[in-house]
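This report describes a few parts of one structure for a reader who has not seen it before. Please look at the sequence and the model below before reading on.

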Amino acid sequence: MTSEIILQYFPDLSAEQREQFEKLPALYEHWNSQINVISRKDIDLLFERHVLHSLGIAKVMAFLPGENVLDVGTGGGFPGIPLAILFPETQFHLVDSIGKKIKVVTEVAAALGLRNVKASHLRAEQIADKFDFVVSRAVTQLKDFYPWVKGKFNKQSNNKLLNGILYLKGGDLEQEIKESGLKVTQYHLKDYFKEEFFETKQVIYVKSPL
């Protein structure tokens with residue numbers, strides 16, 4: 001699997017962005033051999049299952065220059081790193097409670113020359129800053145995730161969606177959404193990507209509390 005799958009869905013990438021995406025497999029293979037941040041069987045499907053999946057958020061909404069985005073439980077840098085490549089004028093703060101995963105994020109961002117990425121070994125609850133959006137990928141149940149971030153949003157919204165959460169999830173989410181008590185909008189990634197992997201994948205949007 002090559003970065004061609006990214007160009008198929010995001011054809012307007014600059015030469016620098018294309019080069020940055022091309023570098024991802026070698027970087028993750030290197031770091032994964034030392035610190036296991038991606039399952040061994042997924043490393044060969046990096047572009048589909050990690051990079052393109054992360055960019056599903058971009059199909060729902062494009063971040064604006066100057067916006068600030070928090071990636072909670074980023075692991076090895078997903079969805080934050082691919083989004084930071086795609087939106088170089090948006091600031092991304094990637095956090096994880098596991099230090100060795102943040103080391104991978106820091107090294108990958110440096111190798112790619114990403115100047116819009118900050119990585120911190122912190123829990124979401126420890127972050128004092130305010131953000132326009134919070135992104136994450138299947139870190140925990142929505143009802144548990146929401147309290148971690150509900151006080152972390154800027155009041156002023158400038159994008160087509162009001163400030164809030166953009167959460168990548170998979171499977172049947174009816175019960176999880178019901179238990180959360182939240183009003184959500186569901187975006188099905190099968191509407192944007194044709195690969196079978198995306199058949200049950202969604203971006204869940206939750207507007208920030210006023």
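Which residue follows H5, and is its phi positive or negative? Glycine 113 comes after H5, and its phi is positive, near 75°.

## Basis of the report

This is a predicted model, in which local features need pLDDT of at least 70 and side-chain atom pairs count only at pLDDT 80 or more, while totals for chains, interfaces and linings use all residues. Residues are numbered from 1 along each chain as its sequence is written, and side-chain values use heavy atoms, with hydrogens and water left out.

## Helix H5

Helices (H or I, at least four residues) and strands (E, at least two) are DSSP runs, numbered from the N terminus. H5 covers residues 99-112, and its 14 residues should span 20 Å at 1.5 Å a residue; the expected span is 1.5 Å times one less than the number of residues. The end C-alpha atoms of H5 are 20 Å apart, which agrees.

Buried means under 20% relative accessible area, exposed over 50%, and partly exposed in between (1.4 Å probe, protein chains only). In H5 the buried residues are Ile102, Val104, Val105, Val108, Ala109 and Leu112. Seen down the helix axis, they fall within an arc of 150°, so they line one face of H5; the arc is that of the directions from the helix axis to the C-beta atoms. Lys100 and Ala110 are exposed residues on the face turned away from the buried side. The buried residues of H5 pack against helices H2 (15-34) and H4 (80-86) and strands S2 (91-96) and S3 (117-121), where contact means heavy atoms within 4.5 Å.

## H2 against H5

On the H2 side, Gln20, Lys23, Leu24, Leu27, Tyr28 and Trp31 meet Lys103, Val104, Glu107, Val108, Ala111 and Leu112 of H5. The residues of this contact divide into eight nonpolar, one polar and three charged. Here Ala, Val, Leu, Ile, Met, Phe, Trp, Tyr, Cys and Pro count as nonpolar, Asp, Glu, Lys and Arg as charged, and the others, Gly among them, as polar.

## Histidine 53

Histidine 53 lies in helix H3 (residues 46-60). With 5% relative accessibility, histidine 53 counts as buried. Leaving aside neighbours within four places in sequence, its contacts are Glu48, Arg137, Leu168, Leu189, Phe197, Phe198 and Lys201.

## Valine 139

Valine 139 is in the loop between strand S4 (133-137) and helix H6 (142-149). This valine 139 counts as partly exposed, at 32% relative accessibility. Not counting residues up to four places away in sequence, valine 139 touches Val72, Gly73, Trp148 and Tyr167.
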